[in-house]
Amino acid sequence: MNHDTTETLNRTPSARRIAREISDYRMIASHIRNGRAVSERLRDEPVESLHALTSQLKQRIRIQENDDAGVSATRDVLSNAIGVVDEAIHRALSIELFDVQWHAGIVMSLGGIAEMQTGEGKTLAGVLPTYVNALRGKGVHVATPNAYLARRDYEQLKPVFDFCGITTAVVEDEFDEADANTAYACDVTYGSAHTFGFDFLKDQLVMRQSASQPMGERFLNNVRGTRIQQTRQRGLASAIVDEADDLLLDDAVSPLILSGSPSGEAADAALHRMAFAFIDELSESVHFVLSSGNRIELTDDGFKTVYEHTDASTHPRLLRPWHEYVCAALRAAYRYRRDVHYVLRDDEIQLIDGSTGRVFADRTWSGGLHQAVQAREGLEITNESVALGRITKQRFFRSYRYLTGMTGTADQCQRELEQVYGTPVAKIALRNPSKREVFPPRFAMNQDDKYEAVVNEAFCIAETGRPVLIGTLSVSESHAIADLLREYGRPFDLLNGVQDADEAAVVSAAGRGGAITVATNLAGRGTDIKLDELARASGGLHVIVTQMHSLARVDRQLIGRAARCGDPGSCRFFVAADDPLLLQHAPWISRHLLRRDLDGDLGRRDDTNNPGDHRLITQIETVQRRIQREATSRRLQTLQNDSREQQLLSRSAIRPNACWAM
Ligand SMILES: Nc1ncnc2c1ncn2[C@@H]1O[C@H](COP(=O)(O)OP(=O)(O)OP(=O)(O)O)[C@@H](O)[C@H]1O
């Protein structure tokens, strides 16, 4: 797939062809019918027959495949592939896939993205495209948002692929070169997008180092038998991306940076400490202003003060102009909060990913911000990382020859997925209407009142035998609610990436009748909370959303933990006048809520539908849509900058992706 900037803005011929194919319902239905017939024939055959059919299909797809015939080659083997996969799932899991799951699987096998509602069974729908891509013999990377989901899917699906005669493995960040190499040698490799991206960067580094070795040295190394570092991956052939909206859009512009930093205290540590002490002399609006996107700008007065009242500006250890140290200290003081943006663990700053709630031990902020936060926390100030390699996830995923994916929440971003990745989206119908009840929203004047109301609701619902998931937006919010629950002496589980609880164990306990689980977004995507009998009979999982996210899709993923795959369930949104989303993006709604409180209206706790409440939620959703549009245009801008940079690199001698050209 050849992408350039102009292509990203227009539908490519290949995207047009895929769009046509994935909307051909008659063809899709006939594949499902034929596939089931093949599966019937295989039912009493020994497992060797499934393996033999897989080998035949591998041969066929390789013979037919050339640059132009990728999709039609797929189409040719699809019915047989469905037969093998159907039979393998039947033997390994004693489950029959529903038509909607085959539909999603075929869409992905043809190169599209399947939008299938949360809880409709995407994990199993993804087996078919994984199998079809594995037939190409160049390896398939199944990318998930985190390591927990990668391992879970690998463990669940390995027996299925064993029946198919397809080798599988999981790769993790901690793997050394040899283990990673073994995992990538399999037909299918499960891993987080993060691991795949970093392994790619590590390989780039190995190849650069080997290319820069003089030929004589390489020859001598060969003669002496000196071990030369190997690459981990076999190339970027096929990727199946789970939670595609998250990985391909929301998280796509944050660059993956492979970095190293010399150990010990930074040479300019004293300057960071001086800057942090100095900001006490500055006041907001006079010396600096807080602007959007976590930025802070010095006013003219501020700039003068920064340089007038200190001799730090001529310090011999300065790595950047003195005012940049001051700005970093201001950002650390005013914009970055412990347990919201980062946690402190073993005297180290560890970053929290805003949309997934995960804590990343190996990520650091750049431009001196990390050191400024260390100064603020009174920690040792470490050296800044030096970037050894860097790529945006957007560029990384665009480098795969075959890319496809699935998500429960692609609305409002179909166009972007198609334009940027050449992957049209097909919406898969619901198997049965959802049983999820959306309770009327609750409003509060401030966070304390809201947490009280949240905890009350959790008690009342858990008492009826239903499990409750309280979804919070930050670690600090999860702690605040946990403290309140402790005060009332109510047992609960906490999942926020900071405590050491085993994620899988907490998720599997969250569906027990009467259980209360407090979680950050860690539990908001991909997690499958299985209900026990009491929980199902009592009405299923109830999800409490403690505050609306700036992206509506994140909210929908969270409420998607309830009422999955035909189960009952419900959810409710809580909104407080001082929620960050309202304060930053819709202060008029905050003011409106405060006015309503004066009328004593906000404390109302009945469940009748109030049109005014729904109007407010609709207004917040409009704000979310605006934020989404702004994020889209930022991403397209990054893409254009990235493409420009790539063009410049390709004109020079440096071609970072050249080794992967296929
Ligand atoms: N064909 C099937 N028959 C019976 N149960 C199924 C079938 N397919 C999926 N399930 C069950 O439905 C539940 C939801 O499946 P899964 O977690 O794959 O949903 P999902 O679409 O990936 O959800 P999310 O969008 O939240 O990630 C799981 O418990 C799974 O075992």
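According to an unreviewed UniProt entry, the residues listed under "binding site" are Gln101, Gly119, Glu120, Gly121, Lys122, Thr123 and Asp528; such positions are given in the numbering used here, feature names are shortened, and annotations may be inferred rather than shown by experiment. The model is a predicted one, in which local features need pLDDT of at least 70 and side-chain atom pairs count only at pLDDT 80 or more, while totals for chains, interfaces and linings use all residues. Residue numbers start from 1 along each chain as its sequence is written.

Glu120 sits in the loop between strand E1 (113-115) and helix H7 (122-125); helices (H or I, at least four residues) and strands (E, at least two) are DSSP runs, numbered from the N terminus. Glu120 counts as buried because it has 24 C-beta neighbours inside 10 Å. The term buried applies when 20 or more other C-beta atoms lie within 10 Å of a residue's own, exposed when there are 12 or fewer, and partly exposed in between, with C-beta atoms placed from the backbone. Leaving aside residues up to four places away in sequence, Glu120 touches Val100, Leu430, Arg431 and Cys565, where contact means that the C-beta atoms, placed from the backbone, lie within 7 Å. Thr123, in turn, belongs to helix H7. With 17 C-beta neighbours inside 10 Å, Thr123 is classed as partly exposed. Its contacts, again not counting residues up to four places away in sequence, are Asp153 and Gln156.

The protein contains 27 helices and 21 strands, and 45% of its 662 residues are buried. Among contacts with a separation of 6 or more, 75% join residues 24 or more positions apart.

Helix H17 (residues 369-377) is mostly covered, with seven of its nine residues buried. These are His370, Gln371, Ala372, Val373, Gln374, Ala375 and Arg376. The cover over them includes helix H14 (269-278), helix H16 (322-334), strand E9 (342-345) and strand E10 (348-352). Gly378 follows H17 and has a positive phi, near 70°.

Most residues other than glycine have a negative phi. Asp346, however, has a positive phi near 50°, and this residue is found in the loop between E9 and E10. Asp346 counts as exposed, since it has 6 C-beta neighbours inside 10 Å. Ala563 is not a glycine either, yet its phi is positive at about 60°. Ala563 lies in the loop between helix H24 (552-559) and strand E21 (569-576), and it is buried, with 25 other C-beta atoms within 10 Å.

The axes of helix H20 (residues 447-463) and helix H21 (residues 475-487) come within 10 Å and cross at roughly 55°; axes are lines fitted to C-alpha atoms, for helices over the stretch in contact, and angles run from 0 to 180 degrees between N-to-C directions. H20 and H21 are therefore oblique to each other, given that angles under 35 degrees count as roughly parallel, over 145 as roughly antiparallel, 65 to 115 as roughly perpendicular and the rest as oblique. Tyr451, Val454 and Val455 of H20 meet Ala480, Ile481, Leu484 and Leu485 of H21 in this contact.

Technical notes
Two residues are in contact if their C-beta atoms, placed from the backbone, lie within 7 Å.
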